[in-house]
Amino acid sequence: MVTFDNGQIKKDIARVKELSNAAICVLGLTLCIEIAVACLTANIEEHLGITIALIAAQGVGLLAVAVLFVFKIFAEKGVKQGLITTLATALEERADLLSGDSEIALVATYSGDKLTLSRQNSFKEVTFDLSGIKPLRKIYSSFGTYIVEYLQGYYAENIGQGYQSVTITDGMGKNPLVIELVKDGKPCKKTENNYFIKKGLIK
């Protein structure tokens, strides 16, 4: 089973959580200041100095929130990079799952926090435990997309091995969806912008 709980990924996830919580706290404080300013403006002449100070503090708070969210975005990119590298390494180590025949039918299924990529009519499979990245909902929910993008790049780069038909069935929803990766010996999707190929993660 492939997990995403190594030291660096855990540190990056913890960093994302810290930044997110800090941004929420600062935003909450900024909203409280806004309420205070609204109350003081009723008698602004009496509280002009305090009102100006609070407005300045509110501006600083909003700037801090923006900065924290920028750092959060960078931290999430670190998590994604670590996840994608681990995914590519795991599939590279299980090349027999993806190769060996001219016609290949893959299936992706989901149970609990585990996603399994298997090959029809065989016992070949690999399971990814996603519980470690569950706190990051966007990355967690995009994992299936990352697998499809890897497979598109893999078969495009290795089309010379004689693949004629390759599909993956997305069995994670109520209605299974069949995605064609190779048809009539040709890749079904252009891969000039494929992340895995651009980063040299497909061999």
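Modeller: A word on terms to begin with: helices are DSSP runs of H or I with at least four residues, strands are runs of E with at least two, and both are numbered from the N terminus. With that in hand, Ile197 is found in helix H6, which covers residues 195–198. Please keep in mind that this is a predicted model.

Colleague: OK, and is Ile197 buried, partly exposed or exposed?

Modeller: Ile197 counts as partly exposed, because its relative accessibility is 24%, and buried would mean under 20%.

Colleague: Which residues does Ile197 touch, leaving out those up to four places away in sequence?

Modeller: With those set aside, Ile197 touches Gly153, Glu157, Thr191 and Ile202. There is also Tyr154, which is 43 residues apart from Ile197 along the chain, while the C-alpha atoms of the two are separated by 8.2 Å.

Colleague: Let's go to H5 then. How many residues does H5 have, and how far does it reach?

Modeller: Helix H5 runs over residues 143–157, so by definition it is a DSSP run, and its 15 residues reach 21 Å from the first C-alpha to the last, close to the 21 Å expected at 1.5 Å a residue.

Colleague: Is H5 mostly covered or mostly open?

Modeller: H5 is mostly covered, with 12 of its 15 residues buried. Among the buried ones are Phe143, Tyr146, Leu151, Gly153, Tyr154 and Tyr155.

Colleague: What does Phe143 touch, again without residues up to four places away in sequence?

Modeller: On that count, Phe143 touches Phe4, Leu83, Leu87, Leu115, Phe128 and Leu130. Phe143 also belongs to the largest nonpolar core, which has 45 residues, and is one of those that touch the most other members, together with Leu98, Leu117, Phe128 and Tyr155. The largest share of this core, 9 residues, comes from helix H2, which spans residues 48–93. In soluble globular proteins, nonpolar side chains tend to be buried together.

Colleague: Switching to the sheet, what is the order of its strands?

Modeller: The sheet is open and has 7 strands in the order S1-S4-S3-S2-S5-S6-S7, with mixed pairing. Its edge strands are S1 and S7 (186–187), each of which pairs on one side only.

Colleague: And in which sense does S4 pair with S1 and with S3?

Modeller: With S1 (residues 2–3), S4 pairs in the parallel sense over 2 bridges, and Thr3 stands opposite Asp129 there. With S3 (residues 114–119), S4 pairs in the antiparallel sense over 5 bridges, and Leu115 stands opposite Phe128. The hairpin of S3 and S4 has 5 residues between the strands, and in it Asn121 takes a positive phi near 60°.

Colleague: Why is S4 described as largely enclosed?

Modeller: S4 (residues 125–129) is largely enclosed by the rest of the structure because 4 of its 5 residues are buried.

Colleague: How many bridges join S2 to S3?

Modeller: There are 6 bridges between S3 and strand S2 (residues 103–111), and the two run antiparallel. Val107 has Ser118 as its bridge partner in S3.

Colleague: Last topic: what is the volume of the largest pocket, and which residues line it?

Modeller: The volume of the largest pocket is about 200 Å³, and its lining is made of Ile73, Glu76, Lys77, Lys80, Lys138, Ile139, Ser142 and Tyr146. The elements that give two or more residues to this lining are H2 and helix H4 (137–141), with the largest share, 4 residues, coming from H2.

Note on methods. Residues numbered from 1 in each chain as written. Predicted model: local features only at pLDDT ≥ 70, side-chain atom pairs only at ≥ 80, totals over all residues. Heavy atoms only, no water. Expected span 1.5 Å × (residues − 1). Buried < 20%, exposed > 50% of the residue type's maximum accessible area, 1.4 Å probe, protein only. Pairing = 2+ DSSP bridges. Core = buried A, V, L, I, M, F, W, Y, C linked by side-chain atoms within 4.5 Å. Contact = heavy atoms within 4.5 Å. 1 Å grid on protein atoms, 1.4 Å probe; cavity = no way out; pocket = protein on both sides within 12 Å on 5 of 7 lines; lining within 4 Å. Points joined across faces, edges and corners; volume = space filled by probe spheres on them.
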